[in-house]
Amino acid sequence: MISQQPIRNRKMARVGKRAGRNFGFGRQLSYAGLQALKDLFGDGHFATVKAHSDRWQAFVRWCLSEEGPRLNDARQIDREVLMRYAVHVREQVDQGNVGIATAQNRLSSVNRTMAALRGDQYVKIPSPSKALGLQRSSVRSEAPQEPRPCAGQADCASAVRATATEGECHLAPRSGDRHAPT
């Protein structure tokens, strides 16, 4: 029976059950990753899908580049390709182009997206932090500062009104802060 829904509102059906290019999620690697994430997370977790998708796009750009394997089909991605990407990301960290946390997040998102595309977790980077050989170092060494009295400037006044706590400023203190207490 043919659906009565307009064509533009129907989801595109996958070719087979993970058959075809990019495991049936589309012709382009970038599009397939996004569709697999949407399929995995359903109609929720929009920010999660967006974050993974943005990081997946960085991987896709590398895959299509001269530095990468120059492929556009997820079926051709194996552990060796993923480890080459980990080396590339490590070089980006070493050059100061990305932070350690960003690098680990990129590798984790590639793992998550590959699992969504494949339907299994056989092709992945076992440990993004070990693959990079780096550990995140942003551990807080001091407790956050308490709210401080406000000097009455306009930007603090709006924060005071918003919190209904008269006389306190909830903006984070910064060095050279122009409305620091006197």
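User: What covers the buried residues of H1?

Analyst: The cover over the buried residues of H1 includes helix H2 (46–64) and helix H4 (100–118). Here buried means under 20% relative accessible area, exposed means over 50%, and partly exposed lies in between, with a 1.4 Å probe and protein chains only. Helices are DSSP runs of H or I with at least four residues, strands are runs of E with at least two, and both are numbered from the N terminus.

User: Before we go on, what kind of model is this?

Analyst: This is a predicted model, in which local features need pLDDT of at least 70 and side-chain atom pairs count only at pLDDT 80 or more, while totals for chains, interfaces and linings use all residues. Residues are numbered from 1 along each chain as its sequence is written, and side-chain values use heavy atoms, with hydrogens and water left out.

User: Back to H1, then. Which residues are the buried ones?

Analyst: They are Leu29, Ala32, Gly33, Ala36 and Leu37. Seen down the axis of H1, these buried residues fall within an arc of 135 degrees, so they line one face of the helix; the arc is that of the directions from the helix axis to the C-beta atoms.

User: How far apart are the ends of H1?

Analyst: The end C-alpha atoms of H1 (residues 29–41) are 18 Å apart, which agrees with the 18 Å that its 13 residues should span at 1.5 Å a residue. The expected span is 1.5 Å times one less than the number of residues. After the helix comes Gly42, whose phi is positive, near 65 degrees.

User: And Asp39, where is that?

Analyst: Asp39 has its place in helix H1, and at 43% relative accessibility it counts as partly exposed. Asp39 and Phe25 are 14 residues apart in sequence, while their C-alpha atoms are 9.5 Å apart in space.

User: New topic: what does H2 pack against?

Analyst: The buried residues of H2 pack against H1, helix H3 (79–94) and H4. Among those buried residues are Val49, His52, Trp56, Phe59 and Trp62. By length, the 19 residues of H2 should span 27 Å at 1.5 Å a residue, and its end C-alpha atoms are 26 Å apart, which agrees.

User: Is Ser109 buried or exposed?

Analyst: Ser109, which lies in helix H4, is buried, with a relative accessible area of 0%. Leaving aside its neighbours within four places in sequence, Ser109 is in contact (heavy atoms within 4.5 Å) with Ala51, His52 and Arg55.

User: What does the side chain of Ser109 make a polar contact with?

Analyst: The side chain of Ser109 makes a polar contact with the side chain of Arg55, at 3.0 Å. A polar contact is a pair of N or O atoms within 3.5 Å; within protein, one must be able to donate a hydrogen and the other to accept it, and residues adjacent in sequence count only if both atoms are side-chain atoms.

User: Okay, H3 next. Which residues are buried there?

Analyst: In H3 the buried residues are Val81, Leu82, Tyr85, Ala86, His88, Val89, Gln92 and Val93. Viewed down the axis of H3, they fall within an arc of 165 degrees, so they line one face of the helix. The face turned away from that buried side carries the exposed residues Glu80 and Asp94, and what covers the buried residues includes H2, H4 and helix H5 (128–132).

User: What happens at the ends of H3?

Analyst: Asp78 caps the N-terminal end of H3, with a side-chain oxygen 3.2 Å from the backbone nitrogen of Glu80. Just after H3, Gly96 takes a positive phi of about 80 degrees.

User: How many helices and strands are there in the whole chain?

Analyst: The protein chain has six helices and two strands, which follow the pattern α-α-α-α-α-β-α-β along the sequence. Of its 182 residues, 32% count as buried.

User: What is the mean pLDDT of the protein chain?

Analyst: The mean pLDDT, where pLDDT is the predictor's confidence in each residue from 0 to 100, is 79, and 68% of the residues reach 70 or more. Over residues 5–13 the pLDDT is below 50, and this stretch has three contacts in the model beyond near neighbours in sequence. Residues 162–169 also have pLDDT below 50, and that stretch has 17 contacts beyond near neighbours in sequence. Where pLDDT is low, the predicted coordinates should not be read in detail.
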